[in-house]
Amino acid sequence: MSRAPAEPPSGRPAGGFSLLEVLVAGALFSVVMAGAYLLYITMLGTWTRGEMKSDLQQNARVGLDRLVQELRMAGYDPENALAQVTAQPFNAIRAAAAGCLSFVTYRTHSGIEKSVRVTYRVAGTTLQRREDDWDPAGKIFSASTTQPLAEAVSQLAFTYYDGFNRILTPSGAAVGACPAGALPSIPLLDATQAGQIRRVGVILRTLESRARVAPESYTLTSHVYLRNR
């Protein structure tokens with residue numbers, strides 16, 4: 001004889017959850033997932049900003065260290081180029097502007113010291129170093145090479161001081177290229193002012209922004225006393 005299945009107690013389903021229980025569980029799960037997502041976004045933003053800051057610092061330090069090292073030796077002229085060049089003779093500072101500086105220094109090639117003209121400026125967001133070799137036959141600096149030193153650069157600023165710590169600014173009498181032959185023409189210190197420079201203040205600022213992350217910046221400053229003045 002077959003027996004009829006037992007009926008569940010009145011008012012209770014045979015198994016599973018009620019609609020109310022499902023709704024409550026869904027709401028709690030949504031709250032937990034929203035909190036986890038916000039925590040993830042916060043941690044990702046913190047990590048990204050830290051990475052950006054580290055990259056900006058590295059960029060700025062590499063660029064500024066090279067600039068300062070070479071600028072400190074401005075005027076060291078092993079090939080005596082400054083006694084032969086026709087424009088601004090004896091002046092180690094070849095062009096000085098608010099955002100560009102060109103000067104004579106040296107480099108060592110195969111154990112031989114050579115006179116070179118080095119120029120630092122920003123093109124777009126790239127700090128560039130241009131090097132021009134001395135041509136004794138033509139008595140000019142030529143055969144230039146340009147290399148990027150730092151990316152994400154938002155500012156390169158030079159301040160020039162004389163021997164009495166007075167700031168030298170373009171008088172308006174001199175307008176030209178930095179370095180000579182480049183474009184565009186910009187206000188420069190005149191030859192007399194360039195010859196008075198004893199100290200150069202440098203500001204290098206890097207800036208980067210990424211999607212959904214606040215921009216990060218890093219600023220380095222330095223003051224360079226010219227040894228050969």
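Helices (H or I, at least four residues) and strands (E, at least two) are taken here as DSSP runs, numbered from the N terminus. The structure is a predicted model, in which local features need pLDDT of at least 70 and side-chain atom pairs count only at pLDDT 80 or more, whereas totals for chains, interfaces and linings use all residues. Residues are numbered from 1 along each chain as its sequence is written, and side-chain values use heavy atoms, with hydrogens and water left out.

A search of the whole structure for salt bridges (a side-chain nitrogen of Lys or Arg within 4 Å of a carboxyl oxygen of Asp or Glu) finds 9 of them. In one of these, Arg66 is paired with Glu70, with 3.6 Å between the closest N and O atoms; because the two residues are 4 residues apart in helix α1 (residues 19–72), about one helical turn separates them. Burial is judged by relative accessible area, buried meaning under 20%, exposed over 50% and partly exposed in between (1.4 Å probe, protein chains only). On this scale Arg66 is partly exposed at 28%, whereas Glu70 is buried at 9%.

A salt bridge also joins the side chains of Asp133 and Arg107, at 3.0 Å from N to O. Asp133 belongs to strand β4 (residues 126–135) and Arg107 to strand β2 (residues 101–109), so this pair ties together parts that lie 26 residues apart in sequence. Asp133 is partly exposed, with a relative accessibility of 25%, and Arg107 is partly exposed at 24%. A further salt bridge links Arg129 and Glu131 at 2.7 Å, N to O, and both of these residues are buried. Through salt bridges that share partners, Arg66, Glu70, Arg107, Arg129, Glu131 and Asp133 are joined into one network.

The nonpolar residues were examined next. In soluble globular proteins, nonpolar side chains tend to be buried together.
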